[in-house]
Amino acid sequence: MKQINKGIAILAISLLASLAVNAGEAEDKGLRISKESKARDEGWTDSKAELEMILKNQHGQTSIRKMRLKSMEQKNDGDKSLTVFDSPKDVKGTSFLSFSHTVGNDDQWLYLPALKRVKRISSRNKSGSFMGSEFSFEDLTSFEVEKYDYLYLRDETFDGEKCWVITQFPLDKNSGYKRRIVWIDQSEYRIRKTEFYDRKDTLLKTLVFTNFHQYLDKYWRSQRFEMVNHQSGKSTILNYTGFEMKTGLNEKSFNKNALKRAR
Amino acid sequence: MSKFFSSSTMFCLLVGHFFSVQANEFEVRGNIEVQGRFFYEDPAYTSQHDSQLSFAAAPEFFWSWNDDKDSFEFVPSGRVDQYDDERTHMDIRELSWVHVGDDWETRVGVRREFWGVTEFQHLVDIINQTDAVEDVDNEDKLGQPMINLSLVKDWGIVDLYVLPYFRERTFAGPEGRPGIPFVNTNNVLYESSNRENNVDWAVRWAHSIDDLDIGLSWFDGTARVPLFQPNVSPTGQAELLPFYQQISQLGIELQANLEDALWKLEMIRNTNNLKNYWALQGGVEYSQYGVFDSNADLGWLVEYAWDQRGTDIFTTFQNDLFFGTRLALNDVESTEVLFGFSYDFDFNSTSVLLESSRRFGDNFKVSLDARFFESDQLQDPLYFFRRDDHIQLTMQYYY
């Protein structure tokens, strides 16, 4: 009897050990794929785009916001971006400057044209709604490898594409999420879908990327982001138009003088 | 201001609306508004009324050329008030040419420029004069003629200003409410013999280092905030005459984003020929995101104001505590409510404000504000507003 117990114990230990190895492998695989996804997207330098944001409430009523977006890639740091709002009319000319960072808090300032005032926004606003949409500020900042821990889950086909499914755990305590699950396609390492789980680990939102275009024969960009909030029943669609890369923007396009001038 | 002048300028302001077009080179936008103020106590002064209607417009004309390196902006602004001849006024908020160089920028003409970090009072902000007839919150500013060179360096942004002309503060007239009917703006006193033509200058360095925003400024010229000199008019009426001193002012701005809070401090050192003084405004803003299981954001504000001159001088914020809370629903209509409260420890007076706004459709915005003033000491500037509790309804159309 003792012998059998001992045998079971050894079996259990070896099983646990192999699980641990698998978990380690799953972490490495998740990280590797996410790193490659980011690496394939490096070198675009800067971009410009026009954005249409369609807000839809639980009754299906819609409202449209328009804005223009300039972004610039940073070596070894998060991107810089400048967003100018064109509609609704009462917020026209309001601009938003953001320096995202791989480690630590992002820096963000809002320019209010009626008061001619540049106002810093608390970096805590990560989980706050962007312009009343279902996107939070953190959903719209650049993806940086250092911001998450990773766990590869499985292979799965999504939208006709073979994908890796990976859980990403945010390291920032100000993140609004416990985890997010991403579907990265195996052909081009593009993120096709993201599920967001709130701090209570309940499914909060699903974001689906469609209408991909390739720029400069290298960089894939989705032209349509659709975010559905499962808890509120509301959704937001982001449509990108006039997307351009390597437009000649530089550091000076992203300082506070540029923010005040943006319109 | 004559009624004829105001109606013709109103016509010009309205014309902007009908030329609303958009192009890369030329753009027109702006807003028109109708506003009603409703008071529910009898006025403290017999010249005042129980309600007051007004109509305002502010079109914005914008041109840009030379690949956006050059731009020109023209923003006239005007209001016609049912009773108050002083509030019926016209101003040029912006009329300026901006040229952008490699790491510098020149801005020439009439402009508005904001300095500072705090919410309830803007001590450091000194370039523009307050357009005090627009609202009691001192947030509206008159356009200031200037030549401004802005230099962008790795170690911050340096702005140099030459300010060749001074703008007097606006005050409500005898029929305006809230107002102090015996301020006589037709008889203004200056320390400088050049009066409003004194050439002022200013310089400011501002920089952001990680979570910290820093600003240091120096201003030399005519004070924007007047002192008041008691006087007896030729008709035997007691009145107050605005007196504008020559001053030098050092301004210090600090803002730190620590954890969930923004810590803010503004300090000034004012040197002049009567009495030098320090003053400060400081506090904290804390924000909560996604409250009530919704998209709504809730902000909390606490600030304190101190002025070394204390109660020796006719100033509103010398030992005052401020508290505020702002709820932004982040809904399609951008519904917002702000509640603010201030308490003066020296005069035991309070003022309360409630501001709410909501968008209707794509072009309309409606604001409902309420203000309450409580003061029973004559030396307290707020005393003049003690009967002026009111509700203000504003409807704005944006194009």
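**Exercise 1. Find where Pro88(A) lies, then describe the peptide bond that joins Ser87(A) to Pro88(A).**

Solution. Work in this predicted model. Start with the place. Pro88(A) sits in the loop between strand 3 (77–87) and strand 4 (95–99) of chain A. Next, take the bond. Ser87(A) and Pro88(A) are joined by a cis peptide bond, with omega about 5°. Now set that against the general rule. Most peptide bonds are trans.

**Exercise 2. Describe the contact of chain A and chain B.**

Solution. Count residues: chain A brings 40 and chain B brings 51. Take the area: the two chains bury about 3900 Å² between them. Of this, 41% is on carbon and sulfur atoms. Then turn to charge. The rule finds 14 salt bridges across the interface. Inspect one pair: Lys200(A) and Asp293(B) meet through their side chains in a salt bridge, 3.9 Å from N to O. The cut-off is 4 Å, so this pair counts.

**Exercise 3. Name the residues of the negative surface patch and its main contributor.**

Solution. The residues are Glu25(A), Glu27(A), Asp28(A) and Asp149(A). Helix 1 (residues 2–39) of chain A gives the most, with 3 residues. Glu25(A) lies in helix 1.

Definitions and conventions
Residues are numbered from 1 along each chain as its sequence is written. Chains are lettered from A and ligands numbered from 1 in the order in which they are written. This is a predicted model: local features need pLDDT of at least 70, side-chain atom pairs count only at pLDDT 80 or more; totals for chains, interfaces and linings use all residues. Side-chain values use heavy atoms; hydrogens and water are left out. Patches are made of residues with over 30% relative accessible area and no salt bridge: like charges are joined within 9 Å, nonpolar side chains (Val, Leu, Ile, Met, Phe, Trp, Tyr) within 5 Å. Accessible areas come from the Shrake-Rupley method with a 1.4 Å probe; for residues, only the protein chains shown count as cover. Lys and Arg count as positive and Asp and Glu as negative; His and the chain ends are not counted. The place of a charge is taken as NZ of Lys, CZ of Arg, CG of Asp or CD of Glu. Helices (H or I, at least four residues) and strands (E, at least two) are DSSP runs, numbered from the N terminus. Contact means heavy atoms within 4.5 Å. Buried area is the accessible area (1.4 Å probe) that two parts lose on being put together, summed over both.
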